Structures are given as structure tokens and as C-alpha cells.
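Please read the following report alongside the sequence and the coordinates shown here.

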Amino acid sequence: MALANTTATLNGLFKEVYAKNLVNLIPDGVKLLTKIPFAKREATLGSLYHQPVILGHEHGVTFAAGDVDAFALNVSVAGQIKDATVQGTQLVLRSVLGLAAASRSMGGDAKAFMQGTKFLVSNMLRSVTKKLEIEMLYGQVGYATLDAVVAIAGTVLQIPDSEWAPGIWAGGEGMPIEIRDSTGATVKTAANTKIVSVDFSTRQITIAPGLALATASGDVIWHGGDVSSAYGNEFPGIHKIVTNTGVLFGINATTYSLFRGNSYDALAGPLSFAKVQEAISKAVEKGLDNDVLVIVNPLTWTDLLNDQAALRMQDSSYSTAKSEQGSKELCFYGQAGKIEIVPSMYCKQGFSYVITPDEFMRIGSTDVTFQRPGKEGEFFRDMDNSAGYELRCYCDQSLFCSAPAKNVLIYNIV
């Protein structure tokens, strides 16, 4: 006999089926989310998380000749340690399970429930982790910055080659967007503008209703919404952190060089292993001595794969399946340690990012969860005006880097 169709029953089955297995539903395409760990923190007054960072070394050393004894000591010169403040971003995804679908998934056991809900839960998790992955790269920067000529007949946007990341737009039909000027003050799109279609061959996006104001060079596409948009509500992503020259996380990068990232110009050419090494040297100059992760666009990955003969990993862990067949990653050794190169469909064509995962963390009150805060064991809620139940996916976190100087933005890749 089928179980009674109640939120209590749905909640119980959801906990039984998914509570310990959600990690298995996270897609392979989200590279940063799996490589940068989440660190739970308790927020202080003002919803801020505090993280100490080292911004300068100790300099109170004394030099003395070998034949001098009982010599005087120089005064201490304390190192610079400051408390960075990090504010988490909340992200909520709402999905609906209709009464009919819920009823048909209540076959009396967990297996029937999984068969009836796995596509909904899997798609929700994929959608949320995709948004997080994009934000980890381009939070506070936007989905794409437009060139001077960007609109065709007012409803088609031409994304510049350098700003195109296929993963951002894949499955984007129906996604609300808005275009703002470079200052963020002026919105150029009409209310409730959404993506109608995406042409990957031409890198064109058709929108509706369309533009309310003419676009201009430097305008930025953001994730939109009928209540609030991504603009002003995102945490800073890697691009923002590495290029920051002002105050970020409460610390002025102009004052402290170890809190200021590095940039390397690829000179309007393809990325090569030699250029990656040159880019890394900029971080080595500021103290990089860790293994690094290089995030590249799939087209850049192809260029590097063709250049794979140089500096391949040749130690006991070398695998021909990894480098010669180019399955998922390239590894080789450089002056600071191991260099792992990973393709990401969310990385824009004109950029690559050399990051030190050990210096990054995701700080917040909770990682991605279907648990409703303050309501332990309650996942579903009755909808007030519709015949169904609502399920929400939630997270509260921010990306944080304790040493931006050990990271490099590679730009002008063609």
C-alpha cells in the first residue's frame, strides 16, 4: 500500500535517500568547488567571518661578526598580521514537486521515492553548483564584458571571443539576465529580460524582451532576477581577488604587496607551457613555494595538449594515460612544485588562472544543502497557492584567499 502523501513522509524519505549521498550527485564539471574546501565558521556581529592573514615578515634580526660576544640586539620589527573580514553570500534555489509527481513517487519505499525524485534533486544540485562555480571564478566581475558593437536588432548579444565561456551559457535558456554599465549604476535591459536561445558557433545570445537602453563598450552581463540580481550580492571570485588593487576583505592591497595578485600578458597568442612558467615566476617572486592549479578554457587546454612534450611529469607517478592521451589533466613540475593544469568550461577564452588551492577556502555557515536552516529534518514545505511541494537548495559562503600574491591572472590569450 502506498504511503500517505504528507510533508512528513516526504521529509523522511528524502533524508533516508539523499542525506548521505548528495556528494555523489555533484557533477565533474565543477572543478573549483571540489578542489577548494569549505570551512564552516561562526559569523560575528554584522554577519562577518574573521580570518587572520600574514601581510609582512618579522624584520627584527641582528647581524654580528663571529668574534663578537655579548653584542647588542636591534629592536624588534613585528610582522604584519591582520584580521581579514569575509561576508558570506546566500544562494537559494527553489524547485517544485507537484502533487501528482509526489504521489507517484510514494510507492511505499525509498527506492520508489528515489526513482520519482532523483532527476529533480540531481538537476537542482547541478544548477546550484554551476552557479557557485561561476561565482568562484567571476563573482563581482560578471558573466561577460561587452565590446563596443554588441547588439544586433536590439535582442541579440554578441559575446567577445575573450569573454566567452561555454559553461556559463550552456542550458541558459530561460535564465534571467541584466546588462549594467561599467559602474553598475545603469541597467540597460528591459525588466524581466531572459535568455531565449544560445548559439555556440557564433557566441550570440538572443534575449527577450531585450534592451531598454543602447549598450556600450564595458557594459557587463549579470545574472538577473525579478527581485534581486547577482550584481552587488555576489562574493568576490578568483578574477576579482587576483586583480584587486584596493580594499578587499577589509585589507588594502595598495598598502600590503602580499595581498595584491599578479598579472601576466600572453601577448595575444596561445598559452604554452613556457608562458605558464613565466606567469608562475611572478608569484614565486612574492614567495610562492606551493603546488599550483592552472584553470584554463577548453580551447587553451587543446593548445597545451599539443605542447605537452615539454616538462611532463616523469617521476614514479607518471601515467601515459594522463598526459599522452590527455584524459582530464596535465601535470608537470616547475620552480615552485607541481603544476596541475585543468580545463574548465566556465573559464573565459581570453583568461587563465594560476592559483594556490592551499591559500583558498570557502568560508561560511553552510555548504550546499537541502536542509532548511532552523528546521532540522524538514526539506519540503506545502505551497500556499499551488498544488505541490517546494524544495529548496541553500548555501551561505564566500571564497577567501589568504595570499593573493601567490596567484596569477593570465590574460590576452588568443
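The report below goes through helices, aromatic contacts, salt bridges and a surface patch.

The model is predicted, so that local features need pLDDT of at least 70 and side-chain atom pairs count only at pLDDT 80 or more, whereas totals for chains, interfaces and linings use all residues. Residues are numbered from 1 along each chain as its sequence is written, and side-chain values use heavy atoms, with hydrogens and water left out.

**Helices**

Helices (H or I, at least four residues) and strands (E, at least two) are DSSP runs, numbered from the N terminus. The expected span of a helix is taken as 1.5 Å times one less than its number of residues. For helix α1 (residues 7–18), with 12 residues, this gives 16 Å, which agrees with the 16 Å between its end C-alpha atoms. In α1 the buried residues are T9, L10, N11, L13, F14, V17 and Y18, while in α7 they are F273, K275, V276, Q277, A279, I280 and A283.

**Aromatic contacts**

Rings of Phe, Tyr and Trp (its six-membered ring) pair if their centres lie within 6.5 Å, and planes under 30 degrees apart count as stacked, over 60 as edge-to-face and the rest as tilted. The structure holds 13 aromatic pairs. In one of them, Y138 and Y353 have ring centres 6.0 Å apart and planes at 70°, so the pair is edge-to-face. Because Y138 lies in helix α4 (residues 110–138) and Y353 in strand β18 (residues 352–355), this pair ties together parts that are 215 residues apart in sequence. Both Y138 and Y353 are buried. The rings of W222 and Y231 are likewise edge-to-face, with centres 5.1 Å apart and planes at 75°; W222 is buried at 6% relative accessible area, whereas Y231 is partly exposed at 29%. One aromatic cluster is formed by F14, Y18, F113, F370, F379 and F380. The ring of Y138 also has K348 over its face, at 4.3 Å from the ring centre, where the criterion is NZ of Lys or CZ of Arg within 6 Å of the ring centre and within 35 degrees of the ring normal.

**Salt bridges**

A salt bridge is a side-chain nitrogen of Lys or Arg within 4 Å of a carboxyl oxygen of Asp or Glu, and by this rule the count comes to 10. Three of these are tabulated here.

| Pair | N to O distance |
|---|---|
| E340 and K35 | 3.2 Å |
| K188 and D219 | 2.8 Å |
| R381 and E390 | 3.9 Å |

E340, in strand β17 (residues 337–343), and K35, in helix α2 (residues 31–35), are 305 residues apart; E340 is buried at 12% relative accessible area, and K35 is partly exposed at 32%. K188 and D219 are both buried. R381 is partly exposed at 24%, whereas E390 is buried at 2%, and salt bridges that share partners join R94, R381, E390 and R392 into one network.

**Surface patch**

V68, F71 and L73 make a nonpolar surface patch of about 290 Å². Patches consist of residues with over 30% relative accessible area and no salt bridge, like charges being joined within 9 Å and nonpolar side chains (Val, Leu, Ile, Met, Phe, Trp, Tyr) within 5 Å, and accessible areas come from the Shrake-Rupley method with a 1.4 Å probe, only the protein chains shown counting as cover for residues. F71 is located in the loop between β2 (48–56) and β3 (80–87) and is partly exposed at 39% relative accessibility.

How values were computed
Buried < 20%, exposed > 50% of the residue type's maximum accessible area, 1.4 Å probe, protein only.
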